[in-house]
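Please keep the model open beside you as you read.

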Amino acid sequence: MSSASRRITPISGMMLFAVVFYAAGYILFPMYALVKESLMGIGQLSFEPYRQFFRSSLLEASINSISISLLSVLGSAAVGTFFAYVFTFFEFPAKSFFSKLVLVPLALPPLVGVISFLFLVGESGMLSRVLALLSGASPSLFTVNGWTGIVVVHVYSFYVYFYLFVSSGLSQLDGNALDASASLGATRARTILKILLPMLTPSLVGASLITFMSSMASFSAPFLFGGATRYLTLEIYAAKLNGESSSAAALSILLLTISVCALFFLRWWQAHKQYLLSSKGTIRVSAVPHGKLTRILVIFSAFALVSLFALPIITIVAISFVKEGSWTYQIFPTSFTGKNYLHLFEEPRLLEPLLNSICMALVATAGVVCLGVTASYLINRKHFPGRRLLEVILSLPFGIPGTVIAVGLILGFNRPSLFSFDSILIGTFWIMPLAYAVRNLPLLYRSTTAGFEAISPSVYEAAETLGSSQVRTFRKVIVPLLLPSIVSGALLVFINSAGEFVSSILLYSYSTKPISVEILSQLRLFDLGVAAMYSTLLMLMVLAVAAFSNRYSRATIAT
Amino acid sequence: MATVNLQNISKTFGEVRALSPLDLHVKEGEFFSLLGPSGCGKTTLLRIISGLESPSSGEVRIDGSNVTALSPQRRNVGIVFQNYALFPHMTVFQNVAYGLEVKKMPGSEIRRRVEDILGKVHLLEKVNTPVPLLSGGEQQRVAVARAVVVEPRILLFDEPLSNLDHALRIETRAEIKRLQREVGITTIYVTHDQGEALALSDRIAILSKGVVQQIGTPDELYFHPHNAFTASFIGHANLFSAIACREYFGVQGLTESELLAVLPEEIILSNNSGKAKGKISNKEFSGSSVEYTIDFLGQSVKAHRPSSEKSFNGEIGSEVCLSLDASVQRKVKYE
Ligand SMILES: Nc1ncnc2c1ncn2[C@@H]1O[C@H](COP(=O)(O)OP(=O)(O)OP(=O)(O)O)[C@@H](O)[C@H]1O
Ligand SMILES: [Mg+2]
């Protein structure tokens with residue numbers, strides 16, 4: 001690519017201004033507001049809010065958060081790696097069907113996942129009561145809450161990271177290295193420990209960090225399942241509700257620091273710890289030979305586990321048909337009806353949260369696409385000082401817990417400022433789409449940048465030598481080539497936004513109540529059928545989007 | 001040192017028949033090659049010998065004892081893979097020492113042996129380098145050292161040179177041959193490069209579509225191929241039908257199911273007028289010889305003439321007359 005086309009023109013200058021304005025106003029400014037509030041909240045400089053960290057309740061919350069996150073990493077690693085191993089090295093009937101079931105938790109908005117567990121193994125969960133009935137023990141033996149509850153839900157939600165990372169690690173693995181080890185006389189255990197695991201370290205570390213960050217940021221699980229367990233995200237929420245802004249801000253900064261450190265470590269690790277052994281030639285991942293008994297045992301437990309993991313979804317869908325008020329003390333609901341869904345169209349009150357969420361998610365997605373594609377274009381194709389810094393700032397929210405982002409936005413926009421065009425955003429329609437956009441922009445930026453990296457520079461050069469202007473090159477060459485990456489990123493942003501709970505619960509106002517908050521209200525009113533109905537709708541939305549995305553990417557590859 | 005005997009070995013993957021039942025006998029200390037085009041089942045056969053794949057039928061015997069049911073760990077067979085299959089998270093030393101550690105050898109003995117073998121492959125100064133930092137040729141030598149150091153009974157190579165560039169390939173193959181002589185180990189070497197097989201091997205088995213076509217010394221295969229496949233694969237021989245032989249070259253006595261295999265250097269070109277007329281479609285100068293391609297009866301005939309030969313000089317597009325050395329009597333079976 002010629003250096004001339006890398007220069008900033010008036011048009012790209014305007015684009016750059018918009019991106020910098022966004023980064024400064026909606027990422028850095030809220031963080032600045034956090035710092036300011038934590039130090040100056042009571043009118044003068046004071047470190048009082050930070051001293052509270054040493055109060056026993058907060059110390060306990062920090063220790064809980066970190067320990068539970070570490071346990072979640074261990075649990076997810078065990079389950080996810082097990083699945084990855086089984087699906088790579090074993091052949092069994094209906095494998096492709098089961099390999100899709102394994103991905104199910106990806107399709108669940110976090111809140112929905114937690115609620116389904118509540119129905120299954122919560123205080124009067126169906127599964128716990130069935131197990132109690134079968135074994136004759138007390139149901140409390142089979143209910144989980146507190147620490148175990150949170151860890152169980154986390155493992156369910158996050159093992160997919162390990163499954164995906166390790167599967168991809170295994171698929172790139174040189175199967176001959178395992179064969180070489182075997183022919184040098186190593187036992188299977190030795191080959192797995194000394195060769196396979198070390199070669200998978202990059203995948204395992206990557207998945208561990210992401211799981212750790214997600215657990216630290218987790219809100220729904222401790223909120224609904226934790227009982228009296230103190231958790232950092234919950235403490236922030238409680239402080240905010242109690243009007244202790246500066247202590248909420250100080251806590252947010254603590255959590256932010258931990259998460260951002262993890263994020264930078266992840267980045268550093270991914271950049272430095274790659275085994276780039278060029279291995280040309282045909283690579284066979286030969287099945288590590290296993291004894292018959294091992295095979296049967298392993299495959300059976302994989303079947304059992306996968307089926308267990310599909311249970312939450314079945315539960316939610318079933319409960320969405322339960323008649324209001326008909327399910328009290330029985331283990332299973334007794335009467336089913338389609339009314340919950342019909343009501344949706346009869347009572348505007350019920351339809352409203354759904355429409356709100358869709359509308360806000362669309363606004364957020366539109367904004368994210370415009371800004372994300374522009375930013376990715378500028379950073380990948382233009383030379384200007386501070387390029388890398390801008391990239392780091394734009395991707396930062398990926399590592400920031402939703403609670404922290406929400407508190408930052410509240411503190412930043414509860415008074416007029418340059419970035420809110422001199423109005424107060426809190427309490428208006430715009431604050432939630434803004435929060436969704438800030439949280440999800442890194443996703444779209446990543447997928448678009450990956451698209452850019454896949455386009456060879458000679459494509460631009462070809463377009464330029466044909467006399468195409470830069471704007472024309474962008475519209476006619478770059479955008480069409482990037483479209484698949486942009487569309488898949490945008491779809492992800494949309495479904496994340498539509499189901500977003502963490503920031504919604506801190507930011508919503510009654511006039512724009514989103515579906516996730518409404519699910520919670522219905523749950524509180526014990527209208528389980530309606531709560532499950534909304535959850536089912538969210539899942540359907542995810543499925544529809546996933547199916548479309550699949551179709552679309554296949555269609556674009558075919559052309 | 002050991003002998004290898006394969007009896008009635010075959011392999012099918014689901015519907016695909018990768019190997020038809022075959023017998024092979026490799027002698028003690030022999031350098032034996034499996035040669036054939038891509039997909040003919042060479043790797044599969046090698047993996048069966050090493051125990052990484054089990055045969056659908058037949059027996060593998062090493063030194064007379066039946067090892068068919070033995071796992072690769074217990075066969076004591078060294079393999080060098082096409083992509084080297086080094087352990088990427090280890091240094092050169094750790095890679096080579098791995099097999100010795102498995103055998104629970106004392107540390108001092110391991111060090112002595114590793115350094116000994118690394119000296120032989122000229123890698124002593126790289127002993128503590130992580131393997132991803134090595135060049136392709138160096139990685140290849142580490143792979144050989146790792147396989148040889150455990151003193152396996154037999155050594156297997158799966159196209160070990162195919163990832164190297166031409167010059168390095170020639171150099172490395174000489175190294176492999178030297179090492180094999182020094183250690184005196186029975187070696188089975190897979191390749192699809194006939195030049196490599198001819199240069200290295202004591203004997204060669206030609207494989208095509210999972211069937212052994214012929215086994216013999218390089219000399220036998222080159223000058224006395226049994227069938228058309230071997231003739232054209234090993235010597236790039238031209239194949240002429242019985243009719244063409246009778247009509248144009250005056251060679252009698254071929255049956256309908258036979259072809260005459262004529263090596264490129266056995267074709268004589270002249271500007272005389274004669275019956276066998278062709279047209280030069282390409283001409284390449286390769287130093288010691290000039291290589292002509294001639295359109296003859298719709299067939300592309302290859303003829304190599306020594307470049308010192310001054311009696312004939314044809315240009316692309318001109319007509320030539322073909323004739324054969326009177327001694328050419330190489331009849332081969334049709335496929
Ligand atoms: N695990 C397998 N499953 C199914 N088919 C296989 C498997 N391994 C090999 N084959 C098939 O068996 C045949 C022989 O394969 P093999 O790898 O032995 O060939 P090769 O001679 O080593 O080829 P190349 O020179 O390309 O390495 C091929 O048709 C291949 O597709
Ligand atoms: Mg092969």
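1. R47(B) and E53(B) are both buried, where buried means under 20% relative accessible area, exposed over 50%, and partly exposed in between (1.4 Å probe, protein chains only). The two form a salt bridge, with their closest N and O atoms 3.1 Å apart. By salt bridge I mean a side-chain nitrogen of Lys or Arg within 4 Å of a carboxyl oxygen of Asp or Glu. Also in chain B, salt bridges that share partners link E109(B), R112(B), R113(B) and E151(B) in one network.

2. A word on the ground rules: this is a predicted model, so local features need pLDDT of at least 70 and side-chain atom pairs count only at pLDDT 80 or more, while totals for chains, interfaces and linings use all residues. Residues are numbered from 1 along each chain as its sequence is written, chains are lettered from A and ligands numbered from 1 in the order in which they are written, and side-chain values use heavy atoms, with hydrogens and water left out.

3. How many salt bridges does the whole structure hold over all chains? The search finds 22. Side chains of opposite charge can pair when their charged atoms come close. In chain A, K513(A) and E518(A) meet this way, at 3.4 Å from N to O, and both residues are buried. E91(A) and K95(A) also form a salt bridge at 3.4 Å, N to O. Here E91(A) is exposed, at a relative accessible area of 57%, whereas K95(A) is buried at 18%.

4. Please look next at N440(A), which sits in helix 18 (residues 431–454) of chain A; helices (H or I, at least four residues) and strands (E, at least two) are DSSP runs, numbered from the N terminus. N440(A) has a relative accessible area of 6%, so the residue counts as buried. A polar atom of its side chain lies 3.0 Å from the backbone oxygen of Y436(A). The side chain of N440(A) also makes a polar contact with that of S497(A), at 3.4 Å. A polar contact is a pair of N or O atoms within 3.5 Å; within protein, one must be able to donate a hydrogen and the other to accept it, and residues adjacent in sequence count only if both atoms are side-chain atoms. Beyond neighbours within four places in sequence, N440(A) is in contact (heavy atoms within 4.5 Å) with V368(A), V493(A), N496(A) and S497(A).

5. Chain B is assigned domain 1 (4–230) and domain 2 (238–333), with bounds from an automatic or database domain assignment. Their C-alpha centres lie 38 Å apart. The contact takes 6 residues from domain 1 of chain B and 8 from domain 2 of chain B. Between them the two domains bury about 560 Å², with 58% of it on carbon and sulfur atoms; buried area is the accessible area (1.4 Å probe) that two parts lose on being put together, summed over both. On the domain 1 side, Y222(B), P225(B) and A228(B) lose the most area to domain 2 of chain B, together 63% of what that side buries. The count between these domains is 0 salt bridges, but 2 residue pairs are in polar contact there.

6. Finally, G41(B) lies in the loop between strand 3 (31–35) and helix 1 (42–50) of chain B. Is G41(B) buried or exposed? Buried, because its relative accessible area is 9%. Leaving aside neighbours within four places in sequence, G41(B) is in contact with A18(B), L19(B) and L207(B).
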